[in-house]
Amino acid sequence: MGENEMSVFGIPEAEEEVYRHFLRHPGTRADDLHLLLHSGPVEARARISRLQELGLLHTEDAERRIFPADPEVALARLAGIRLRELHQELRRVNRSQHVIDGLRAERGARTPPPRGVERLEGPAEIRNRIEDLTFFAREEILSVEPYTRLSAENIARARLLGLRCLRRGVRIRKVVSGPALQDPPTAACLRELAERGAAIRVSAETTERVLVYDRRTAVVPVDPGDASRGALLAHRDGLVSNAVSLFERIWEQSGDLSRPDSAGGVEGGEDAAVPGPSGVERRVLVSMCTVGKDEAGARGLGVSVRTYRRHVADLMQRLGAASRVQAALLARERGWI
């Protein structure tokens, strides 16, 4: 932890200095701390009090000696607080549609989309919202993207955003078009994402374009045949559920990226219809066989317990297993682990 790195969690440098002091000297008293911090006693006590409220410091005995919370636990708590604050702020922004409606009315614009649906105009606005949604995704991103090739700029953006999501445990399921694999730079980007844990399938026919984030928000084009008409961003449960259903139907009809026949859809027997595990899923399978509790498995993979359990449930469904033990046996039979 470098100097002033806790500012991202809302901890100013002065309070971070106090926390660091007690990490270096746990169990000491705060009597002379103001001298070390070159501040007044009242100010030093105020900093300690705030850190205690945040759970970063605590007093254990009658001598009022002060101990620091474990850094991993402390930062996890602070991250949770900051994410809740950001989520609340995003909800306030998303509820600001009435402001847009009022501004449209001033210029006599057309009737806005229904509540719970935002209309995004122009490539720049769509790109910015997609980057925001990708950044804040915490569990899963579903996408159907029928492009035939990506520009160098879009490849760099897709790679950066995708790898960031995979590193923090976000599950990515993506369907792309067969022609995209004929463009070497595009194909290389897709295969790198797959090697890092993304589940990617290939469709020869689909022209749909769908993006779903954490099964709470969906982005679809206003007109699939004319990208210039913009996109709709939906928060309403029914609309998002329909987008998820559309994705799952396309997913089931698509072939796995790793198979030679993938550009032409799913062919072959029962095993061919079940895609092999991604890198993250293979680690989950190994964890299922070696670790007793989900909490320990999730910690070993660096993901949340909820994300870990979602991986387990999906693997059991794909394997047709009624229990985790059966899933492990079937995975071994298929050569997945």
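The side chains of E145 and S143 are joined by a polar contact of 2.9 Å, a polar contact being a pair of N or O atoms within 3.5 Å, where within protein one must be able to donate a hydrogen and the other to accept it, and residues adjacent in sequence count only if both atoms are side-chain atoms. The model is predicted, so that local features need pLDDT of at least 70 and side-chain atom pairs count only at pLDDT 80 or more, while totals for chains, interfaces and linings use all residues. Residues are numbered from 1 along each chain as its sequence is written, and side-chain values use heavy atoms, with hydrogens and water left out.

The side chain of E145 also makes a polar contact of 2.6 Å with that of K174. Apart from neighbours within four places in sequence, E145 is in contact (heavy atoms within 4.5 Å) with K174, V175, V176 and S177. E145 counts as buried because its relative accessibility is 16%; buried means under 20% relative accessible area, with a 1.4 Å probe and protein chains only.

E145 lies in strand β4, residues 140–145; strands are DSSP runs of E with at least two residues, and helices are runs of H or I with at least four, numbered from the N terminus. Both faces of β4 are covered, with E140, L142 and V144 buried on one side and I141, S143 and E145 buried on the other.

β4 runs parallel to strand β5 (residues 171–177), to which six bridges join it; strands pair if DSSP finds at least two bridges between them. Within β5, V176 is the bridge partner of E145. Four bridges join β4 to strand β7 (residues 210–213), and these two strands run antiparallel. There, L142 stands opposite V212 in β7.

Technical notes
Buried < 20%, exposed > 50% of the residue type's maximum accessible area, 1.4 Å probe, protein only.
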